[in-house]
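Subject: Structure handover and findings

Hello,

Here is the structure for you to look over. My notes follow below it.

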Amino acid sequence: MRGKTVIVTGANSGIGKATAAAIVKLQGRVIMACRNQARAEEAARDIRQETGADCGQVVVKQLDLASLESVRFFCEDIIKEEPRLDVLINNAGVYQCPYTRTEDGFEMQFGVNHLGHFLLTNLLLDLLKRSAPSRIVVVSSKLYKHGDINFEDLNSEQFYDKAFAYSRSKLANLLFTCELACRLEGSGVTVNALTPGIVRTNLGRHVHIPVLAKPLFNLLSWGLFKSPEDGAQTSVYLASCPDVDGVQGKCFADCKPLDLLGKATDQEVASKLWDISEVMVGITT
């Protein structure tokens with residue numbers, strides 16, 4: 001990865017931080033795109049200390065995916081400051097939070113996990129194309145299986161279930177990958193998705209666990225859940241490995257191709273979701 005610039009969203013903790021550290025160890029330059037600047041700076045110091053990298057190799061930039069204005073400002077800054085972008089890793093996510101809305105009025109999980117990254121990717125596409133061969137990596141989840149796309153209620157105004165909303169946002173990630181892959185054919189830019197498995201991160205901070213059960217849960221999580229470093233392996237693989245040169249529109253788990261349910265590769269639904277997402281984030285084509 002020497003000489004390559006990689007953006008990782010949500011890189012201040014969990015899989016994102018482990019992904020950033022692994023890429024730096026491969027001699028790549030990482031831009032940590034994070035909502036919380038202070039936590040991101042702390043994570044960057046950890047990575048520099050762990051890897052021996054300098055400040056130029058690990059850069060922190062503020063990005064709030066719950067704000068389309070923040071996404072646009074971030075992208076304007078990247079396009080102005082960065083001569084190239086080799087890899088974009090859409091890693092950040094909100095998991096099973098209570099019903100809240102983004103700055104722009106979207107249900108939080110759909111707004112951050114799908115719409116924020118949708119706008120981010122679209123605004124950086126020209127830079128990625130100029131930097132080709134380049135890659136886009138989309139972090140989804142096997143929980144996509146429990147979601148569906150209800151075009152009559154994408155904003156969960158009629159009904160909200162936090163687990164279902166998360167699953168729907170992760171299904172949207174896969175449909176986004178499917179449609180984007182078609183649009184990128186012949187561009188020199190590839191996009192692939194992944195499911196990291198169950199990982200010990202703070203993503204589940206909104207999940208209620210009874211006080212008496214927490215010690216047992218923590219013990220089980222250490223025994224059964226992946227470490228952030230293990231959870232990041234497929235992200236790093238898709239960002240760096242020559243084995244996936246030219247591979248387009250696939251999903252991976254444990255660094256191997258994963259067969260998806262038909263609803264995650266439905267081209268008609270993927271195309272319709274793309275068109276509606278453009279309207280929602282204000283992209284005019």
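How far is the sulfur of C178 from the closest cysteine sulfur, and in which residue is that sulfur? The closest one is in C182, 5.4 Å away, which is too far for a bond. The cut-off for a disulfide is a pair of cysteine sulfur atoms within 2.5 Å.

First, the basis. This is a predicted model, in which local features need pLDDT of at least 70 and side-chain atom pairs count only at pLDDT 80 or more, while totals for chains, interfaces and linings use all residues. Residues are numbered from 1 along each chain as its sequence is written, and side-chain values use heavy atoms, with hydrogens and water left out.

Cysteines

The disulfide count is zero. C75 is in no disulfide either; C34 has the nearest cysteine sulfur, 15 Å away. C75 counts as buried, at 1% relative accessibility. C178 is also buried, at 12%. Buried here means under 20% relative accessible area; exposed means over 50%, and partly exposed lies in between (1.4 Å probe, protein chains only).

Two definitions apply. Strands pair if DSSP finds at least two bridges between them. Helices (H or I, at least four residues) and strands (E, at least two) are DSSP runs, numbered from the N terminus.

Five bridges join strand 1 to strand 2, and the two run parallel. In that pairing, I7 has I31 of strand 2 as its bridge partner. Strand 1 also pairs with strand 4, again in the parallel sense, over three bridges. There V6 stands opposite V87. V87 has a bridge partner in strand 5 as well, namely R135. Strand 4 (residues 87–90) and strand 5 (residues 134–139) are parallel and share four bridges.

Is strand 1 buried or exposed? Five of its five residues are buried. In a regular strand the side chains alternate between the two faces of the sheet. Here both faces are covered: T5, I7 and T9 are buried on one side, V6 and V8 on the other.

Helices against the sheet

Strand 1, helix 1 (residues 14–25) and strand 2 form a right-handed β-α-β unit. Right-handed means that, with the strands pointing away from the viewer, the path from the first strand over the helix to the second runs clockwise.

Helix 8 (residues 233–240) holds S235. Six of the eight residues of helix 8 are buried: T234, S235, V236, Y237, L238 and A239. They pack against helix 1, strand 4, strand 5, strand 6 (189–194), helix 7 (228–231) and strand 7 (251–253). S235 has a relative accessible area of 1%. Leaving aside residues up to four places away in sequence, S235 touches T19, I89, V137, V139 and L194. Contact means heavy atoms within 4.5 Å.

Aromatic pairs

There are six aromatic pairs. Rings of Phe, Tyr and Trp (its six-membered ring) pair if their centres lie within 6.5 Å; planes under 30 degrees apart are stacked, over 60 edge-to-face, and the rest tilted.

One of the pairs is Y99 with Y160: centres 4.9 Å apart, planes at 75°, so edge-to-face. Y99 is in the loop between strand 4 and helix 4 (108–130), and Y160 in the loop between strand 5 and helix 5 (162–184). The pair therefore ties together parts 61 residues apart in sequence. Y99 is partly exposed at 31%, and Y160 is partly exposed at 22%.

F118 and F176 are edge-to-face too, with centres 5.8 Å apart and planes at 65°. F118 sits in helix 4 and F176 in helix 5, so this pair links parts 58 residues apart in sequence. F118 is buried at 1%, and F176 is buried at 5%. With W274, these two form one aromatic cluster.

Best regards
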